[in-house]
Amino acid sequence: MKTPLIHKRQVSKNITVYYFTKSENECLRIEYDKGWDFGKESPSGARLTNIEINYQNSFIKDEFTEIKIDDVPEAIVDVLRYLA
């Protein structure tokens, strides 16, 4: 399986949107508000909002910064692992 491309877009000081692009038409968008990450020292959970999945279209990646999985908040990585 091909490794998804990961991009981010900073919306505000606290809110970042992460995009995981699996193919030309398949992608996942997750909005992350660091104010809702419960546990900087000892993780206890997080609230992720505005999760969107697309099967027939993709996002315009030119507007975003490409990043690596290490740059994604641990709360999002945990959700992705949980669903895998």
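I started with Asp33, which touches Asn14 and Ile15, leaving aside residues up to four places away in sequence; touching, or contact, means heavy atoms within 4.5 Å. This is a predicted model, where local features need pLDDT of at least 70, side-chain atom pairs count only at pLDDT 80 or more, and totals for chains, interfaces and linings use all residues. Residues are numbered from 1 along each chain as its sequence is written, and side-chain values use heavy atoms, with hydrogens and water left out.

**Asp33**

Is Asp33 buried or exposed? I found Asp33 buried, at a relative accessible area of 19% (buried is under 20%, exposed over 50%, partly exposed in between, with a 1.4 Å probe and protein chains only). Asp33 sits in strand 3. Its side chain reaches the backbone nitrogen of Gly35 at 2.9 Å.

**The cores**

Next I looked up the largest nonpolar core and found 12 residues, including Ile6, Phe20, Leu28 and Val77. Such a core is a set of buried Ala, Val, Leu, Ile, Met, Phe, Trp, Tyr and Cys residues joined through side-chain atoms within 4.5 Å. Strand 2 (15–21), strand 3 (27–37) and helix 1 (74–83) each supply at least two residues of this core. Helices (H or I, at least four residues) and strands (E, at least two) are DSSP runs, numbered from the N terminus. Another core, of five residues, lies apart from it, with Val17, Cys27, Phe59 and Phe64 among them.

**Asn50**

Last, I checked Asn50, in strand 4 (residues 46–54). Asn50 is not a glycine, yet has a positive phi of about 50°. Most residues other than glycine have a negative phi. Asn50 counts as partly exposed, because its relative accessibility is 48%.

Key: Polar contact = N/O pair within 3.5 Å; in protein donor to acceptor, adjacent residues only side chain to side chain.
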